[in-house]
Amino acid sequence: MRQMIVISVIAAMILTFGCGDESVSKKAGKTVGNSLREFGEGAGSAMADKQNISLVTSDAFDKAFEFTVARSNGNFESGNTIEIYIITKVPGNYTLRLKAKNSYGNEVGRATVSQEFKPDSAGYVNFEFPKEMGFDEAKIYQMDIAAPQAI
């Protein structure tokens, strides 16, 4: 009989504390769930902010430069910035022209950058497209060199 009372008391304690723990468990679960959701949103927004793009380069560009990274910032509100990491092979003053083309090969946007490229220099070059050009319209970008000019 004494064992039965001890077991009943233990069972009552488990049920009492179990109800309280369930509330704590729910709170902990919500906190963990919200943290995971916020982490996922943060990671998703970072990926949306920087997306690699398809870049085709001309022979003239390939003779003077090489590139390693081409990506978009995906920022629709302030315009579309394409940043390309360019390594100089042949120094000089260049105007680089980047054309955005849709899935049919039609040009939907164009941006140019004129600057001096020093021997063995490297860095990101930013091409600013107008915000009217929807980022999702451009499926491929084509890089070329316009006529060299003095800056």
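What share of the contacts between residues at least 6 apart in sequence join residues at least 24 apart? In this protein, the figure is 61%. Keep in mind that you're looking at a predicted model.

The protein has two helices and eight strands, and along the sequence they come in the pattern α-β-β-α-β-β-β-β-β-β. Of its 151 residues, 26% count as buried.

Now for the side chains. A search of the whole structure turns up six aromatic pairs, and one aromatic cluster is made up of Phe61, Phe65, Tyr94 and Phe117.

There are also three salt bridges:

| Salt bridge | N to O distance |
|---|---|
| Arg71 and Glu83 | 2.5 Å |
| Arg110 and Glu107 | 2.9 Å |
| Arg97 and Asp144 | 3.7 Å |

Take Arg71 and Glu83, whose side chains meet in a salt bridge. Arg71 sits in strand 3 (residues 65-72) and Glu83 in strand 4 (residues 80-88), so this pair ties together parts 12 residues apart in sequence. Arg71 is partly exposed at 22% relative accessibility, while Glu83, at 12%, counts as buried.

Arg97 pairs with Asp144 in another salt bridge. This one links distant parts of the chain, 47 residues apart: Arg97 is in strand 5 (residues 92-101) and Asp144 in strand 8 (residues 140-146). Asp144 has 25% relative accessibility, so it counts as partly exposed.

That leaves Arg110 and Glu107. Arg110 is partly exposed, with a relative accessible area of 43%, and Glu107 is partly exposed too, at 37%.

Key. Residues numbered from 1 in each chain as written. Predicted model: local features only at pLDDT ≥ 70, side-chain atom pairs only at ≥ 80, totals over all residues. Heavy atoms only, no water. Helix = DSSP H or I, 4+ residues; strand = E, 2+ residues; numbered from the N terminus. Buried < 20%, exposed > 50% of the residue type's maximum accessible area, 1.4 Å probe, protein only. Contact = heavy atoms within 4.5 Å. Phe/Tyr/Trp six-rings, centres within 6.5 Å; stacked < 30°, edge-to-face > 60°. Salt bridge = Lys/Arg side-chain N within 4 Å of Asp/Glu carboxyl O.
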